[in-house]
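Q: I have the structure open and would like to talk it through with you. Please start with whatever you think is worth a look.

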Amino acid sequence: MAASTATGDNGMSRLTTIPLEVLLQITSNLTTPEYGNLRRTCKRIEETLFTSFSREFFTKKQFMITEFSLQALVDISKSRLSSSLNHVIFGLERPSMRQDHILPPVSASQPENHVRSNRFRQECVGHMSLLYANQDVEMLAKAFSNLCNLETIGIRDWNSRTRNRDYPYNVWNSYGVRTFQEETGRPLDLPRRFPHGPTGLLDQAEYLSRVFLSLLRSLVSTTMPSTYHIMSTPSSNQCLEIFARSFST
């Protein structure tokens, strides 16, 4: 009885016979995980929804300067989703050992916390190696060379809540933020509203400068996008001003 309800006379799932306009109306009321589960029900559904899916989730995408996040960008640039991506944003989140000092010490009775702590330190060291070896520039150049429709590159020091699906419960984070937090149990370091003195302000400005120059260097051998944005909150504009002065000289 259940089989006859789920399928039509020719054995095809009735879901695949729904007009595209109706199917899109249905998906608009689903959460992101529910939408993903629907796309995985069968190949025909996935193909039918691919255009709308790629337009919603892969026209504009945010990453951060970590190996895990940049590798995702490279992988996307080599996939069938690459033609959809025309706006790439880079958040200023980063692993930082400073986060290790503001959190309570790891309890010896909780060995899983030691694993997370070690993973956190590994991520911090890996991030420094990525920058010092200029691996970020190589990965960015590889990705940009494959993104034939790339129009805009942005730098952002805040997380947006403008995403319609799942609003207002989801924040637009850089790719890899949730994975980092789950694996390390620690937050990533974000530009502070009130940096700890001149040293903290200079550190934020230096990192912004490093990200900006990495993006420029990676674009030398590729086609420059038509637009380049630096987006920041008003409270951190002083970091951008320091960077702008150093870059102009």
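Q: Where is Ser214 found?
A: Ser214 is found in helix α10, residues 197-218; helices here are DSSP runs of H or I with at least four residues, strands are runs of E with at least two, and both are numbered from the N terminus. This is a predicted model, in which local features need pLDDT of at least 70 and side-chain atom pairs count only at pLDDT 80 or more, while totals for chains, interfaces and linings use all residues. Residues are numbered from 1 along each chain as its sequence is written, and side-chain values use heavy atoms, with hydrogens and water left out.

Q: Is Ser214 buried or exposed?
A: Ser214 counts as buried, because its relative accessibility is 1%, and buried means under 20% relative accessible area, exposed over 50% and partly exposed in between, with a 1.4 Å probe and protein chains only.

Q: And what is Ser214 in contact with?
A: Leaving aside neighbours within four places in sequence, Ser214 is in contact with Asp136, Val137 and Leu140, where contact means heavy atoms within 4.5 Å.

Q: Which residues of the largest nonpolar core touch the most other members?
A: They are Ile65, Leu73, Phe90, Leu140, Phe144 and Leu215, out of 37 residues in that core; such a core is a set of buried Ala, Val, Leu, Ile, Met, Phe, Trp, Tyr and Cys residues joined through side-chain atoms within 4.5 Å. The elements that give two or more residues to this core include α3, α8 and α10, and α4 gives the most, with 6 residues. A second, separate core of 6 residues includes Cys124, Val177, Phe180 and Leu188.

Q: Changing topic, which residues of α3 are buried?
A: In helix α3, residues 32-39, the buried ones are Tyr35, Gly36, Leu38 and Arg39. Seen down the axis of α3, they fall within an arc of 160°, so they line one face of the helix; the arc is that of the directions from the helix axis to the C-beta atoms.

Q: What do they pack against?
A: The buried residues of α3 pack against α2 (20-27) and α4 (43-58). The axes of α3 and α4 come within 9 Å and cross at roughly 150°, with axes taken as lines fitted to C-alpha atoms, for helices over the stretch in contact, and angles running from 0 to 180 degrees between N-to-C directions. Residues making this contact include Tyr35 and Leu38 of α3, and Leu49 and Phe53 of α4.

Q: What about Pro33?
A: Pro33 is found in helix α3 and is exposed, with a relative accessible area of 53%. The C-alpha atoms of Pro33 and Asp166 are separated by 9.8 Å, although these residues are 133 apart along the chain.

Q: Where is confidence lowest and highest?
A: Confidence is lowest in helix α11 (residues 237-248), at a mean of 42, and highest in helix α5 (residues 67-77), at 97; pLDDT is the predictor's confidence in each residue, from 0 to 100. Over residues 233-249 the pLDDT is below 50, and it also stays under 50 over residues 1-9. Where pLDDT is low, the predicted coordinates should not be read in detail.

Q: And how does the chain do as a whole?
A: Its mean pLDDT is 80, and 73% of its residues reach 70 or more. The chain has 11 helices and 4 strands, and buried residues make up 40% of its 249 residues.
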